[in-house]
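Subject: A structure for you, with notes on what was found

Dear colleague,

Here is the structure I promised to hand over, followed by notes that you can read with the model open beside you.

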Amino acid sequence: MQGRILHGCSPTELIEQYTGTIGRMPELPKWILSGAVVGMQGGTESVKHVWGQLKKYNVPISAFWLQDWVGQRKTSIGSQLWWNWEVDTIHYPGWRQLVEELHSNGILTMTYCNPCLVPTNEKENTKRNLFEEANKLGLFVQNKYGSTYMISNTTFNVGMLDLTNPAARSWFKGILHEMVNTGVKGWMADFGEGLPLDACLFSGEDPISAHNRYPSLWAEVNREFVEEWKAKQQRNPRKVETEKEGLVEEQLVFFMRAGFRDTPKWATLFWEGDQMTSWQRNDGIKSAIVGLLSSGLSGFTLNHSDIGGYCAVDLPFSPYRRSEELLLRWMEMNSFTTIFRTHEGNSPSANKQFYSNDRTLSHFARFAKVYKAWEFFRIQLVKEAASKGLPVVRHLFLHYPHDKHVQKLTFQQFLVGSEVLVVPVVDKGRNQVKAYFPAGEDWQHIWTGRIFSPPMSSGMEAWIYAPLGYPAVFVKVGSLIGTTFMQNLLDLGVSTRFPPPAEDN
């Protein structure tokens, strides 16, 4: 057994030591930090229709994330994708034109892939059957009989690339190259956690050990491609002048959910996987906060969740569907995370969406602008994450480690850097929250300007009125970050006119 003892005089120093050992996440390009990442499905006309709606609400957008670029299929859990990583030109006619039109308006395009492939015998409009290609080349994980290990996923079976095989890694990077050549600048690199424990691998290594290592291999392959593409661009730099944003640097970004100890040094971005569309503590909006804060202590510095959650289940005795209230509150919370990204979920028709009605569109526009208002600070924090390994979103313990009350907090509140305190509403029907202010710091409520000054010897609690549209957010008194943020809200037209208190439900 081998180990290493790390020393630090504070939690932040320990994290800096730890991330210096395992490796730190790279600095994100500014384009993905500049506005909402709009998760859409449905094909070319659906995207154009929703884009038109967002223009009317003046929503700042960094990218459209079109995970169904490969086409859709119906399964037992709802709508899933065809795991054959090429554009479906029936579902997205004029794909290149759509990507170019978005690009000319300062909006980039993101897609989806994972390390598995499905037979496409039943799929129309297939140019390449990637499963058959990989199968003939022997690039899949094998079973004990020496044939391709077919892994069940809901109602279909897939082959999983053996990433211990250099040939499989090289082949898949070729697939990514074809995807990026259509104008794509980012993608969800999904899965990575499902290597069978009885698989036979090209490397001959123990599959149980490899199961834990596979997410890092998956991240490494994607990152290698990103760096190779970046080096190629540097030899022939390309920057595009747009109407709205000026010069846009086109560095690639991929985001993933699976991870192991050293995955952060390879991944460019994380998201937290598939929360339920619920208010639950164990799997829902509350667990999204817990996961965000705990992962930040482990070197996963750049992380976020799907706005509104992902997994809707239509059970007769306990249905899980994304309500409008849950969606709006999740928007408020995620406007203070690294990435502000929507997802229609596994069953879009069962869930409320940001485009469902005027109220959801207005709320989405408002909090996309709130997110935009602290872009300058977000860029600073992303640089700090790359240089020191400190997370963008932080548990209060990192800065107030000796506060007994802080040590008991889980999902109730969090810090953005050390200058912004967020106390989100995470319970159905509530319009007030209990905020805790650690000793020694004065905090200003961004909507009313009220100052909260706890005693020097102890922290203080206060009930804060937080109706929809006005989450409990505070900035340090005298902070240039806070002053700039609040001025940016006004400049972006975010109304700070605070409604009168109403009786809490």
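In helix 10, the residues Glu375, Phe377, Arg378, Ile379, Leu381, Val382 and Ala385 are buried, where buried means under 20% relative accessible area, exposed means over 50%, and partly exposed lies in between, using a 1.4 Å probe and protein chains only. Helices (H or I, at least four residues) and strands (E, at least two) are DSSP runs, numbered from the N terminus. Please keep in mind that this is a predicted model, in which local features need pLDDT of at least 70 and side-chain atom pairs count only at pLDDT 80 or more, while totals for chains, interfaces and linings use all residues. Residues are numbered from 1 along each chain as its sequence is written, and side-chain values use heavy atoms, with hydrogens and water left out.

What covers the buried residues of helix 10 includes helix 9 (358–373), strand 14 (393–394), strand 15 (414–416), strand 16 (420–423) and helix 12 (480–491). The expected span of a helix is 1.5 Å times one less than its number of residues, so the 14 residues of helix 10 (residues 375–388) should span 20 Å, and this agrees with its end C-alpha atoms, which are 20 Å apart. After helix 10 comes glycine 389, whose phi is positive, near 80 degrees.

Six strands form an open sheet with parallel pairing, in the order 1-2-5-9-12-13; two strands pair if DSSP finds at least two bridges between them. Strand 1 (36–40) and strand 13 (269–270) stand at the edges, and each has a single partner strand, so one side of each is left without a neighbour in the sheet. Strand 12 (residues 253–256) pairs with strand 13 in the parallel sense over two bridges, and phenylalanine 255 stands opposite leucine 269 in strand 13. Helix 6 packs on the sheet, touching strand 5, strand 9 (186–189) and strand 12, and its direction makes about 170 degrees with that of strand 12; here axes are lines fitted to C-alpha atoms, for helices over the stretch in contact, and angles run from 0 to 180 degrees between N-to-C directions.

Strand 21 (residues 472–476) has five of its five residues buried. In a regular strand the side chains alternate between the two faces of the sheet. Both faces of strand 21 are covered, with Ala472, Phe474 and Lys476 buried on one side and Val473 and Val475 buried on the other. Strand 21 runs antiparallel to strand 16, to which four bridges join it, and the bridge partner of leucine 421 in strand 21 is phenylalanine 474. Three bridges also join strand 21 to strand 18 (residues 443–445), again antiparallel, with lysine 476 as the bridge partner of tryptophan 443.

Now the interior. A nonpolar core is a set of buried Ala, Val, Leu, Ile, Met, Phe, Trp, Tyr and Cys residues joined through side-chain atoms within 4.5 Å. The largest one has 135 residues, of which Ile32, Leu54, Phe64, Trp85, Phe172, Trp187 and Phe336 touch the most other members. Helix 6 (residues 207–235) gives the most to this core, with nine residues, while a second, separate core of 19 residues includes Leu409, Tyr436, Phe452 and Phe474.

Tryptophan 218 is found in helix 6 and is buried, with a relative accessible area of 0%. Leaving aside neighbours within four places in sequence, tryptophan 218 is in contact (heavy atoms within 4.5 Å) with residues including Cys113, Leu163, Phe172 and Met256.

Asparagine 303 lies in the loop between helix 7 (285–296) and helix 8 (324–334), and is buried, with a relative accessible area of 6%. A polar contact of 3.0 Å joins its side chain to that of serine 295; such a contact is a pair of N or O atoms within 3.5 Å, where, within protein, one must be able to donate a hydrogen and the other to accept it, and residues adjacent in sequence count only if both atoms are side-chain atoms. Most residues other than glycine have a negative phi. Asparagine 58, however, has a positive phi of about 55 degrees and counts as exposed at 55% relative accessibility, whereas asparagine 125, with a positive phi near 60 degrees, counts as partly exposed at 25%.

With best wishes
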